[in-house]
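User: I am new to structures of this kind and would like to learn how to read their features one by one. Please give the general idea each time, and then the case at hand.

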Amino acid sequence: MGAAVAAVDRAAFVEWLERVGDNALVLGHRVSEWCGHSPVLEEDIALANQALDLIGQCQLWLGLAGEVEGQGRSADNLAYLRDAAAFRNVLLVERPNGDFGQTLMRQFLFDAFHIELMRALKASSDPRVAEIAAKAEKEVAYHLERSADLVISLGDGTEESRNRMQKALNVLYPYTGEMFHDDATDKAVAEAGIAPLPSSLRAAWDATVREVLEAATLTHPGETYQHGINGAGGGKRGVHSEYLGYILAEMQFLQRAYPGAVW
Amino acid sequence: MGAAVAAVDRAAFVEWLERVGDNALVLGHRVSEWCGHSPVLEEDIALANQALDLIGQCQLWLGLAGEVEGQGRSADNLAYLRDAAAFRNVLLVERPNGDFGQTLMRQFLFDAFHIELMRALKASSDPRVAEIAAKAEKEVAYHLERSADLVISLGDGTEESRNRMQKALNVLYPYTGEMFHDDATDKAVAEAGIAPLPSSLRAAWDATVREVLEAATLTHPGETYQHGINGAGGGKRGVHSEYLGYILAEMQFLQRAYPGAVW
Amino acid sequence: MTPEENAFQDRIDRGEKIEPKEWMPEGYRKTLIRQIGQHAHSEIVGQLPEGNWITRAPTLERKAILLAKVQDEAGHGLYLYSAAETLGVSRDELLDLLHAGKMKYSSIFNYPTLNWADIGAVGWLVDGAAIMNQVPLQRTSYGPYSRAMIRICKEESFHQRQGYDILLKMCLQGTEDQKAMAQDAMNRFWYPALMMFGPSDKDSVHSAQSMQWKIKINTNDELRQKFVDQTVPQAEYLGLTIPDPNLKWNEEKGGYDFSEPDWSEFFAVIAGNGPCNAERMEARVTAWEDGAWFREGLMAHANKQAERRKAARHAAE
Amino acid sequence: MTPEENAFQDRIDRGEKIEPKEWMPEGYRKTLIRQIGQHAHSEIVGQLPEGNWITRAPTLERKAILLAKVQDEAGHGLYLYSAAETLGVSRDELLDLLHAGKMKYSSIFNYPTLNWADIGAVGWLVDGAAIMNQVPLQRTSYGPYSRAMIRICKEESFHQRQGYDILLKMCLQGTEDQKAMAQDAMNRFWYPALMMFGPSDKDSVHSAQSMQWKIKINTNDELRQKFVDQTVPQAEYLGLTIPDPNLKWNEEKGGYDFSEPDWSEFFAVIAGNGPCNAERMEARVTAWEDGAWFREGLMAHANKQAERRKAARHAAE
């Protein structure tokens, strides 16, 4: 274990790694649901590629989580053998795909956060974290380029496409606050220099979002209620929506039904 | 074990019981998906009741299957710990709910078969089979009364309701032939006097269907291609549609994720 | 008060039941419609969080019990809409108000059911709190409402026992994972259950009027206290920890001291910002809209049948 | 034959490639459009049976490999639609024909994927049969088609190895359950894979013309034999039984004797009665229709951008 691990509560580091890894896993899952069903062949390709990137990132993050945890759990163990309450992804990424506009808007709102996180993590005090982030950053930059472009095109497209994108924005914006909400875990890893405080990424995210929404001629929802940051709720704390249980029942079926089998 | 079991291949008897029980289980599952989502409160009640009847019947049939098998498997073991290829329900009952018209038409086409089967089974050489059938018959008779009434009302309703019911009929009719297709298992249990040959129920079913469709002003699809009876396919032989795997992933999640737990 | 109003209040004070065709103050009627309608809506929206686990119930028996319970809830909805109809408002009118967001349903159903123990907790805590609210309403002054509550309470107490039984199994015979699920359910449902009695109403004129009319029998705080006092020993028996560090037996008052729920959360959920408000409303509105052709089809058929009967009668004459 | 047609055939016989702008007989163009279009449609419909297991892939690595594979298939669709476009038909026109049921895709994709071993079998047997068909087409007479096939074959053989690898794992290191899944997949996919080469074409004039034009290089029977001969030892290595009691090495012909598939099943599937025809078409048509607003939105934006650039140029002038 490196110096960073000694300096930070190990449980907090693991929990934080699960948050990053689970975001990639669950979003990757959602995106992969589109395979073969998207509006145009180019999107089938792009979405499969995006899901692939996210699953690849999840393997790295959850692999490191298992390594830091030190109890012999692999990335697959973490992905396939935890029940919903042990998942740490934000609520945003488990929102249903909805129409393609909601999928794109969800992607954009997440990508704009994800890129800031990856950039900041390149300076992590833990070299393993920095290395994964450097690799992921290139992929995420491309995801953001795509999702921002599409949000702009569809916002500034037909009346229908604009309405759909505005509706998607209004529906999803209340799930963005959780990404920037600092809790004890975030503070512990930030103090150890492993990761930035989520709140520190907010200004850059906000600038990107405002810029893109403006180009898209979409109306910023303003200050809305934000899910997952009040009371005991929130995906980062393991309190998810009813959707996650269904995602996991499907995702984990083979590992659950055939315990110990190799594939 | 009773006399009937001595006279019939035990594996065939178990397989046949699984067919009857799995039909009830899978159809009950599909129907239960509507809970709280149906077009009108009376239907919420009726569908929950119908699902309840079917799950109750499934408990009896699969319970008997486990007893005859004699390997200590309970109805729950059979329902929750078999993978798709071991299920023996006909393809019809795993068809997706579709709109409410498809759900009703699926129910009617199945009920009209189910009632004939239960009536015939009351004369089974196996008293346990006869007893279950006698109990189920009352429930199934009520299911059929309801589904037939609704098919008639909606067929002879508005133009839209008629079109929807006609479409449902056309989509589902090709899945009815499997219910009446005799195979080696059917012949074995029929020879032992446990159950009628499926083909022997066809004329009565056909009469019911024609009568109801006429009252509903719907057009009988005539002789169409029938799924599940050619080649190696068919739910009765364990070759299902892609839908069943998703049904089971959901249904079995808790038993699979927490093996051996009592609930 | 007018003489009519005085006479009405006297009847109520004497414990007489008010029946549909009898005179009643407009405020009484309106308050009842709101209260019964909300209760009916709660029953049908309440199908959703529990319905969420029907397809995933862990045994066939649990699945059957849950199906029967959800069916009962729909049935309760039916009684209650019928009771409201005696006040001159149709079920469809009430549903339109629900779908337009102009009528509420119990906020508890805006919380998600996230594991199987939640189904136990909904029965034990949510139905438990509902019963605490409803038992006194069996003595409410409006006859049809009172009779509906008598039927409903009988079934609800059955549901509560079934919910508790789920948790008994998980807590006393269960694995560590199952116990953790039960504790997790307790942690998430405790305060929302306390909120079900509503904020303290000692100063509310509205509530005072309802109590005078015997539409409301006890204060929210009385019922909440009673609920806590009943529930704490049940939780102890299960070995579950109530998520309240201030919970303590108070010998003097003969009841437990406990923390107030976070009322800002309560108002946020009422305002539409609970974890599942949007999903619940969308589910109900979608069911209604997608089912329009079905209801219209049945109606058209019924009309055709009536026409045919009329024509047959004419022909026979 | 006209002098033009003679000259054209001479070029083909000399092994020259025909390029888009060059003269070609109308039959050549039409046959190519049908063949390339069907192949393109097969790639995109082919995403569905494999896509069916992406969310349920048993490990993260298997999930990633499957995603990459499905992505490749969409990519192949793209190359092939581009190749078809060089013949004067747009992708949208071809898709309209597909959605209207006027163009086909490979019937193999009308079979369901029912367990994880099916994903192995699709790679090993289905891609294996496809490669057998496609490798000779790298030498096809039409330049763009030939070049597309070269790219595609490279990736397909990679996919085939990945499919076989899934089965290697399940059959050689797997549990009894996994081996049973693999055998079940073998039982269901063997004959449909054999059908992929089409019925015996020795008497078909149509095929003869295609072979003369080098749009088709080998007969269906030749390719089927080659496939069987290649596949049998691979199945043996996996310990799987090929569901054909008549399968036997024939020393004399230096290949296996084997049973013909049930051609009535083949024609039933072609006619729309395969296990998944309706689902596959519904999935594609729904994707296309639900995505109309998206495509129109992008188009409208592109037009606006073009207008703005034009206006900016005018303003600058």
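User: Is B:Thr217 buried, partly exposed or exposed, and what is its relative accessible area?

Analyst: Buried means under 20% relative accessible area, exposed over 50%, and partly exposed in between, with a 1.4 Å probe and protein chains only. In this predicted model, local features need pLDDT of at least 70, side-chain atom pairs count only at pLDDT 80 or more, and totals for chains, interfaces and linings use all residues. Residues are numbered from 1 along each chain as its sequence is written, chains are lettered from A and ligands numbered from 1 in the order in which they are written, and side-chain values use heavy atoms, with hydrogens and water left out. B:Thr217 has a relative accessible area of 35%, and is therefore partly exposed. Its place is in the loop between helix 10 (202-215) and helix 11 (243-251) of chain B. Helices (H or I, at least four residues) and strands (E, at least two) are DSSP runs, numbered from the N terminus.

User: What is the phi of B:Thr217, and which value does C:Lys214 have?

Analyst: Most residues other than glycine have a negative phi. B:Thr217, which is not a glycine, has a positive phi near 60°. C:Lys214 is not a glycine either, and its phi is positive at about 55°. C:Lys214 lies in the loop between helix 9 (205-212) and helix 10 (220-238) of chain C, and is partly exposed because its relative accessible area is 29%.

User: Which residues have the most contacts inside the largest nonpolar core?

Analyst: In soluble globular proteins, nonpolar side chains tend to be buried together. A nonpolar core is a set of buried Ala, Val, Leu, Ile, Met, Phe, Trp, Tyr and Cys residues joined through side-chain atoms within 4.5 Å. The largest one has 183 residues, and B:Trp16, B:Met105, B:Phe108, C:Tyr28 and C:Trp116 have the most contacts inside it. Helix 3 (residues 41-69) of chain B gives the most to this core, namely 14 residues. Apart from it lies another core, of 180 residues, among them A:Val93 and D:Ala117.

User: What does C:Thr55 touch, and which side chain does it join in a polar contact?

Analyst: A polar contact is a pair of N or O atoms within 3.5 Å; within protein, one must be able to donate a hydrogen and the other to accept it, and residues adjacent in sequence count only if both atoms are side-chain atoms. The side chain of C:Thr55 is joined to that of B:Glu250 by such a contact, of 2.5 Å. C:Thr55 is buried, with a relative accessible area of 5%. Leaving out residues up to four places away in sequence, C:Thr55 touches A:Tyr246, B:His29 and C:Lys63, among others.

User: How much area do chain B and chain C bury between them?

Analyst: The size of an interface is often given as the accessible area lost when the parts come together. Buried area is the accessible area (1.4 Å probe) that two parts lose on being put together, summed over both. Chain B and chain C bury about 4,100 Å², with 68% of it on carbon and sulfur atoms. The contact involves 49 residues of chain B and 48 residues of chain C.

User: How many salt bridges are counted between chain B and chain C, and how many between chain B and chain D?

Analyst: A salt bridge is a side-chain nitrogen of Lys or Arg within 4 Å of a carboxyl oxygen of Asp or Glu. Between chain B and chain C the count is four; one of these pairs is C:Arg308 with B:Asp156, whose closest N and O atoms are 2.9 Å apart. Across the interface of chain B and chain D there are two, including the one between D:Glu279 and B:Arg95 (2.7 Å, N to O). The area buried between chain B and chain D is about 1,100 Å², of which carbon and sulfur atoms give 49%.

Note on methods: Contact = heavy atoms within 4.5 Å.
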